[in-house]
Amino acid sequence: MPHLHIQTFKKPQFPCEHDGVRFDLIATNTEHHDEHLIATTVDAKQFFLLVKEGEKGTLLKSDKITRPSANHLVHQALLSYAKVSGCEVTASNVPEHGKSMHLNSDSAIKDIEMFSSDFPRDREVHIEVGFGSGRHLLHQAKANPEILFIGIEIYKPSIEQVLKQINIQEIENLYLLDYDARLFMEFVPSNIVGRIYVHFPVPWDKKPHRRVIGEAFVNESIRVLKKGGRLELRTDSENYFQYAFKTFTSLNKLTLEILKNREIAISSKYEDRWKLMEKNIYDVTMTCDEESPEIDLQGDLSFTPKSADFKKVKALNGKTERFEGGFIHFERLYSIKDDHLMYRLSMGSFDRPEHLYVVIEAQQTSYFPSAPIHSRTNLMAHDHLRKLLYG
Ligand SMILES: C[S@@+](CC[C@H](N)C(=O)[O-])C[C@H]1O[C@@H](n2cnc3c(N)ncnc32)[C@H](O)[C@@H]1O
């Protein structure tokens with residue numbers, strides 16, 4: 001994670017700008033006064049820089065929740081902050097010069113917003129969940145140039161590595177997304193996907209709720225797959241295989257095929273390892289047998305301008321509100337000015353909560369940097385949040 005160590009933390013006059021980077025405001029944790037968030041904009045991307053003051057110096061890095069996928073934006077922001085505030089840098093892992101060549105502006109890495117607002121529908125889509133080293137994904141994309149491949153991964157080093165290969169090999173039909181694949185499925189239009197690959201997912205034997213395969217994921221897969229489209233699970237874990245088989249067979253109307261130790265065109269890093277250990281490899285292929293209706297998500301995620309009762313707002317700190325299908329937890333309260341507060345929240349379903357910030361001013365409330373994705377649970381949670389803030 002890119003970071004700077006600085007001697008003494010200094011604040012410039014907010015808002016201010018340096019080298020194309022804008023710093024709008026600073027918010028301070030109301031319980032830990034040594035923790036601040038700085039609202040930063042680089043290349044039209046908004047995120048927070050996180051400041052942690054300590055006895056031996058201050059650490060400056062990007063905030064986890066709002067961190068952009070492209071590291072060079074964080075690099076630029078950190079270096080600019082040090083310059084504009086006059087902070088003396090004592091240690092750093094940030095390269096002084098620029099942007100890596102594989103992270104150019106027309107990069108294959110896409111934001112979830114692009115998929116939620118304007119999902120590409122001009123071609124058949126194939127999805128790979130948790131592509132890791134990307135061997136299978138890159139191979140498939142090169143072998144099928146007429147198909148749009150979407151690779152979803154939550155491990156940033158894998159994304160960077162595959163992004164580099166996409167640029168080196170000039171692959172144009174492959175997009176990458178840094179997002180939880182289970183949440184992503186909600187944004188995929190019905191009946192447009194030919195294949196979903198889930199190869200060697202983490203078995204999560206002790207935390208089964210974190211598994212990719214689950215009833216909700218399989219139901220969404222059936223909806224997004226074309227008639228005749230396939231979900232391919234490949235695993236070395238007999239336990240995961242049994243669990244997935246049970247999950248698939250609990251659902252209605254699908255065709256299943258089970259194969260053991262089948263060779264496929266390309267072997268992933270994990271697969272090579274399991275083969276060396278002479279482990280069995282199981283394939284469960286589900287074929288979708290019917291067309292599904294389009295999804296229709298009603299509702300919006302905005303706040304109507306209203307006067308805030310700051311006493312009531314502050315009293316929510318630390319509270320968790322549960323509702324049918326989900327919850328909102330007011331994790332941390334930040335102060336920007338007397339009549340300008342911000343909460344860090346986790347909200348949504350218990351299995352897959354979202355983490356986000358909401359800024360409350362005297363006459364208006366908004367999410368930072370942007371509203372959460374337009375999903376079913378977020379719409380529900382937003383409705384509860386509005387009621388909690390304004391009664
Ligand atoms: C064991 S690795 C397998 C990688 C690759 N498919 C292969 O066969 O080598 C599982 C990958 O799934 C990713 N992953 C786990 N949960 C995920 C999720 N909910 N959404 C997207 N990726 C996920 C992990 O980061 C990891 O890279």
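Biologist: In which strand is Val 198 found?
Modeller: This is a predicted model, in which local features need pLDDT of at least 70 and side-chain atom pairs count only at pLDDT 80 or more, while totals for chains, interfaces and linings use all residues. Residues are numbered from 1 along each chain as its sequence is written, and side-chain values use heavy atoms, with hydrogens and water left out. Strands here are DSSP runs of E with at least two residues, helices are runs of H or I with at least four, and both are numbered from the N terminus. Val 198 is found in strand β12.

Biologist: Is Val 198 buried or exposed?
Modeller: Buried means under 20% relative accessible area, exposed means over 50%, and partly exposed is in between, with a 1.4 Å probe and protein chains only. The relative accessible area of Val 198 is 1%, so this residue is buried.

Biologist: What distance separates the C-alpha atoms of Val 198 and Thr 235?
Modeller: Along the chain, Val 198 and Thr 235 are 37 residues apart.

Biologist: Which are the edge strands of the open sheet of eight strands?
Modeller: The order of this sheet is β8-β11-β10-β9-β12-β13-β15-β14, with mixed pairing. Two strands pair if DSSP finds at least two bridges between them. An edge strand pairs on one side only, and this holds for β8 (109–110) and β14 (254–260).

Biologist: Which residue in β10 is the bridge partner of Val 125?
Modeller: Strand β9 covers residues 125–129 and strand β10 covers residues 148–153. The two pair in the parallel sense over five bridges. In β10, the partner of Val 125 is Leu 148.

Biologist: How many residues surround the ligand, and which are the closest?
Modeller: The shell divides into 10 nonpolar, four polar and two charged residues. In this grouping, Ala, Val, Leu, Ile, Met, Phe, Trp, Tyr, Cys and Pro are nonpolar, Asp, Glu, Lys and Arg are charged, and the others, Gly among them, are polar. The count is 16 residues, and the closest are Gly 130, Glu 153, Ala 181, His 199 and Ser 268.

Biologist: What part of the ligand's exposed area does the protein bury?
Modeller: Polar contacts are pairs of N or O atoms within 3.5 Å; within protein, one must be able to donate a hydrogen and the other to accept it, and residues adjacent in sequence count only if both atoms are side-chain atoms. Ligand nitrogen atoms lie 2.8 Å from a backbone N or O atom of Gly 130 and 3.0 Å from an N or O atom in the side chain of Asp 180, and a ligand oxygen atom lies 2.9 Å from a polar side-chain atom of Ser 268. Accessible areas come from the Shrake-Rupley method with a 1.4 Å probe, and for residues only the protein chains shown count as cover. Taken alone the ligand exposes 590 Å², of which the protein buries 90%.

Biologist: What angle lies between the planes of Phe 115 and Phe 119?
Modeller: Rings of Phe, Tyr and Trp (its six-membered ring) pair if their centres lie within 6.5 Å; planes under 30 degrees apart are stacked, over 60 edge-to-face and the rest tilted. By this rule there are 15 aromatic pairs. One of them joins Phe 115 and Phe 119, which is tilted, with 5.4 Å centre to centre and an angle of 55 degrees.

Biologist: How many residues apart are Phe 327 and Phe 350?
Modeller: This aromatic pair is stacked, at 4.7 Å centre to centre and 15 degrees between the planes. Phe 327 is buried, at 8% relative accessibility. The pair links distant parts of the chain: Phe 327 lies in strand β17 (residues 326–337) and Phe 350 in the loop between β18 (340–348) and β19 (353–361), a separation of 23 residues.

Biologist: Which residue takes a positive phi in the hairpin of β16 and β17?
Modeller: Strand β16 (residues 320–323) runs antiparallel to β17, joined by four bridges, and Thr 320 stands opposite His 329. Two residues lie between the strands of this hairpin. The phi near 95 degrees belongs to Gly 325.

Biologist: Which backbone oxygen does the side chain of Arg 211 reach?
Modeller: Arg 211 sits in the loop between β12 (193–199) and α6 (215–224). With a relative accessible area of 7%, Arg 211 is buried. At 2.7 Å, its side chain reaches the backbone oxygen of Pro 203.

Key:
A residue is near a molecule or strand if one of its heavy atoms lies within 4 Å of it.
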